[in-house]
Amino acid sequence: MKHAVLYVCHGSRVEKAREEAVSFIKRCQKHVKAGIQEISFLELASPSIEEGFAVCVERGATHITVVPLLLLTAVHAKKDIPDEIQTCRDAYPHIHVNYGRPIGVHDKMVESVIKKIEESISIDSSAVAILIGRGSSDPDVQRDFDNIAALVHRRTTLGEVRTCYLTAASPSFTETLESVRYSDKNVIFIPYLLFTGLLMKGIEKEIGRTKNDQIILGNYLGYDPLVEEAFLDRINESLWIKGEDYASCHD
């Protein structure tokens, strides 16, 4: 029995975003004890999931755990990746396949958001934090994102913590930004995104147009070690086989 982990990144047309995703995965790989580890992309980059799966098989894998590097559970996690996995199952029916879950609501992600806020402003009861999500029509995404915002609010003295979305859900980022355009309080936007890319560039441009020094754009989640710990937890869940802990945050 030879285990492999196939990591699935979202993919991006922006080279830096792809490089950041790969660098992040490589950092995590050092703490995962699976003998075979490959990186793939859902879209907009290569290798594809099917190509990554094939490499795992060529390297001798008999069991493959597919782990999505996704923040929340939406259509990519529920349909797009499972459809790709089914194609791989059909091509290699003798391979045992296990599918992990996105990071979702996790204490380390809440800590990471608070850290990003603290990097940019002094937290007090007059400040407002607004988390910017990619967006989805899936109600599970909106529920989980609201839960994360509520936990951030509960664990800080911020006056308010809100959510908005770049697409497919409301309130929209554009509407939310307009609603605070003339604020005389500190309003910090935190992009709930793993890596840079076209979405991040669009956010920067829109916030720059407000010309209000009270409106602050914090860093996207990126390379935060807290995100790494959360992702390793999800890998660990997926690789829990016969009582062995295959992934650890410790060397």
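Here are a few exercises with worked solutions on a predicted model.

**Exercise 1. Work out how the rings of Tyr7 and Phe231 are arranged, and which parts of the chain they tie together.**

Solution. Let's start with the general idea: a pair of aromatic rings is described by the distance of the centres and the angle of the planes. The structure holds 7 aromatic pairs. For Tyr7 and Phe231, the centres sit 6.2 Å apart and the planes meet at 50°.

Next, find the two residues in the fold. Tyr7 belongs to strand β1 (residues 3–9) and Phe231 to helix α8 (residues 225–238), so the contact ties together parts that are 224 residues apart in sequence. Both Tyr7 and Phe231 are buried.

**Exercise 2. Decide whether Phe145 and Tyr165 are buried or exposed, and describe their ring pair.**

Solution. Take the pair to begin with. Phe145 and Tyr165 are 5.5 Å apart centre to centre, with 55° between the planes, which makes a tilted aromatic pair. Phe145 is in helix α5 (residues 139–154), Tyr165 is in strand β6 (residues 160–165), and the pair links these distant parts of the chain, 20 residues apart.

Now for burial, where the cut-off is under 20% relative accessible area. Phe145 has a relative accessible area of 0%, so Phe145 is buried. Tyr165 is at 2% relative accessibility, so Tyr165 counts as buried too.

**Exercise 3. Find out how many residues of strand β7 (residues 187–191) are buried, and which strands pair with β7.**

Solution. Count the buried residues: 5 of the 5 residues in β7 are buried. Then sort them by face. In a regular strand the side chains alternate between the two faces of the sheet. In β7, one side carries Val187, Phe189 and Pro191, the other carries Ile188 and Ile190, and both faces are covered.

Now look at the neighbours. Strand β5 (residues 128–133) pairs with β7 in the parallel sense over 5 bridges, and Ile132 has Pro191 of β7 as its bridge partner. Strand β8 (residues 215–217) also runs parallel to β7, joined by 3 bridges. Here Ile188 stands opposite Ile216 in β8.

**Exercise 4. Say which handedness the unit of β7, helix α7 and β8 has.**

Solution. Follow β7, then helix α7 (residues 198–208), then β8: together they make a β-α-β unit that is right-handed.

Terms used:
Residues are numbered from 1 along each chain as its sequence is written. This is a predicted model: local features need pLDDT of at least 70, side-chain atom pairs count only at pLDDT 80 or more; totals for chains, interfaces and linings use all residues. Side-chain values use heavy atoms; hydrogens and water are left out. Rings of Phe, Tyr and Trp (its six-membered ring) pair if their centres lie within 6.5 Å; planes under 30 degrees apart count as stacked, over 60 as edge-to-face and the rest as tilted. Helices (H or I, at least four residues) and strands (E, at least two) are DSSP runs, numbered from the N terminus. Buried means under 20% relative accessible area, exposed over 50%, partly exposed in between (1.4 Å probe, protein chains only). Two strands pair if DSSP finds at least two bridges between them. A crossover is right-handed if, with the strands pointing away from the viewer, the path from the first strand over the helix to the second runs clockwise.
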